[in-house]
Amino acid sequence: MHIVMVMVGGLVQLGVFLIFGWHWGTTPAAMATAAKLFLPVWLVVVAVNMWVGVAHAGYSVKDELPILLANFLVPGVVAIIAAWQLSRAA
């Protein structure tokens, strides 16, 4: 259940980035830039999530690495598709 909550949180965060991109430049290109900026921020968020799992929950890095990948890939792929589509619209 935690994995799904993190993924949904990532999609919500992507939405926030896209909204700020629209307010920043009011163009699809600005929104595409915001989607691209989301990726490194999201990577840091899921890395911190992994660190908490290893340091405080007692999981090993081997156990947490697939979770990190799943948590990063779902919102990351949506962000890449959004950036691609918005770049084409610009």
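Select helices H1 and H2 and look at how they cross: the crossing is right-handed, a term that applies if the near helix is turned clockwise from the far one by less than a right angle, anticlockwise being left-handed. The model is predicted, so local features need pLDDT of at least 70 and side-chain atom pairs count only at pLDDT 80 or more, while totals for chains, interfaces and linings use all residues. Residues are numbered from 1 along each chain as its sequence is written, and side-chain values use heavy atoms, with hydrogens and water left out.

**The helix pair**

Two packed helices are described by the angle between their axes and by the distance between the axes. Here H1 covers residues 2–25 and H2 residues 28–55, and the two pack at an angle of about 150° with their axes 8 Å apart; the axes are lines fitted to C-alpha atoms, for helices over the stretch in contact, and angles run from 0 to 180 degrees between N-to-C directions. Now select the residues that make the contact (heavy atoms within 4.5 Å): on H1 they include Val6, Gly9, Gly10, Leu14, Phe17 and Trp22, and on H2 they include Ala30, Met31, Ala34, Phe38, Trp42 and Asn49. Of the residues in this contact, 16 are nonpolar, eight are polar and none is charged, where Ala, Val, Leu, Ile, Met, Phe, Trp, Tyr, Cys and Pro count as nonpolar, Asp, Glu, Lys and Arg as charged, and the others, Gly among them, as polar.

**The aromatic cluster**

Next, show the side chains of Phe17, Phe38 and Trp42, which ring pairs link into a cluster. Rings of Phe, Tyr and Trp (its six-membered ring) pair if their centres lie within 6.5 Å, and planes under 30 degrees apart count as stacked, over 60 as edge-to-face and the rest as tilted. The count by this rule is two aromatic pairs. Phenylalanine 17 and phenylalanine 38 are edge-to-face, at 5.7 Å centre to centre with 75° between the planes; phenylalanine 17 lies in helix H1 and phenylalanine 38 in helix H2, so this pair ties together parts that are 21 residues apart in sequence. Phenylalanine 38 and tryptophan 42 form a stacked pair, 5.9 Å centre to centre with 15° between the planes, and both lie in helix H2, four residues apart, about one turn of the helix. Phenylalanine 38 has a relative accessible area of 0%, and it is buried, as is tryptophan 42 (buried means under 20% relative accessible area, exposed over 50% and partly exposed in between, with a 1.4 Å probe and protein chains only).

Move to methionine 31 in helix H2, which is buried with a relative accessible area of 17%. Leaving aside neighbours within four places in sequence, methionine 31 is in contact with Leu18, Gly21, Trp22 and Leu86. By contrast, select histidine 23 in helix H1, which is exposed with a relative accessible area of 60%.

**The whole chain**

Finally, zoom out: the protein chain has three helices and zero strands, which are DSSP runs numbered from the N terminus (helices H or I, at least four residues; strands E, at least two). Its C-alpha trace spans about 45 × 20 × 20 Å along the principal axes, and 31% of its 90 residues count as buried. Among contacts between residues at least 6 apart in sequence, 66% join residues at least 24 apart.
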